[in-house]
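Please have the sequence and the coordinates open while I speak.

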Amino acid sequence: MKTDLRVSKTKDALRGALMHLLKQKGLNSISVTELCQLAKVNRGTFYAHYGQVENLFEEYFKTIMKDLADSYQEPYKHVRNLLSKDVNPATIRIFHHIEKYETFYRIVFSKTVPLSYYYLLFDHIQTLIRDDVSEHYLDGLDIDISMVSAYQANAILGLAIEWHRQDFKQSAEDMNRLLVRILSI
């Protein structure tokens, strides 16, 4: 199904306005009126697509998480099991994903937003890792998969947060190489 260009532009404007407002205040404090004014969209158009501001956030979050899942899976496209010693930095796409959605991640990693944003992201990454470990690496291991996936999710998020704290000064390629070096330790 082909998306109407006007709908796409409207949704882009609303997402842009939402990201702008989230830099200043929490999701629960954003009104439809101020969102529509900033996006230059009338309220009727907003309500034609979303019932409330949270629905817009949820749709955008799902889009970002779909891209994150695709990015996470990229190194596995040509292999079933991927050992850390065999990881090619060129196949890592997570940091490219963060770069693509930098505005969103600046908000999520900001000290001024509710911790719930971090946990939404953490839960998604932990699920990706848990599914990956369950599918590829559990043979003969007697280990709590939730603990392993929590550890790995926090490690990836820790790198991403530090990258944010350093104002994303390194390129995504530099971060890929860094991750491979860390995995080889």
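This is a predicted model: local features need pLDDT of at least 70, side-chain atom pairs count only at pLDDT 80 or more; totals for chains, interfaces and linings use all residues.

Residues are numbered from 1 along each chain as its sequence is written, and side-chain values use heavy atoms, with hydrogens and water left out.

On confidence, pLDDT being the predictor's own value for each residue from 0 to 100, the mean for the protein is 88, and 88% of its residues reach 70 or more. Helix H2 (residues 32-39) has the highest mean, 97, and H7 the lowest, 87; helices here are DSSP runs of H or I with at least four residues, numbered from the N terminus.

How many cavities of 30 Å³ or more does the structure hold? There are two, a cavity being a set of points on a 1 Å grid over the protein atoms alone where a 1.4 Å probe fits but cannot get out, and lining residues having an atom within 4 Å of a point. Volume is the space filled by probe spheres set on the points, which are joined across faces, edges and corners.

The largest cavity holds about 50 Å³, and its lining includes Leu68, His97, Tyr105, Phe109 and Ala160. Helix H5 (94-100), helix H7 (115-136) and helix H8 (145-165) each supply at least two residues of that lining, which divides into ten nonpolar, one polar and no charged. In this scheme Ala, Val, Leu, Ile, Met, Phe, Trp, Tyr, Cys and Pro count as nonpolar, Asp, Glu, Lys and Arg as charged, and the others, Gly among them, as polar.

The second largest cavity, of about 30 Å³, is lined by Leu68, Tyr72, Ile94, Ile125, Leu128 and Ile156. Helix H4 (53-73) and H7 are the elements that give two or more residues to this lining, and its six residues are nonpolar, with no polar and no charged.

Turning to the second largest pocket, an open set with protein on both sides within 12 Å along at least five of seven lines, its volume is about 220 Å³. Among its lining residues are Val108, Phe109, Lys111, Tyr118, His164 and Arg165. H7 and H8 each give two or more residues, with H8 giving the most, at three. The lining divides into seven nonpolar, two polar and two charged.
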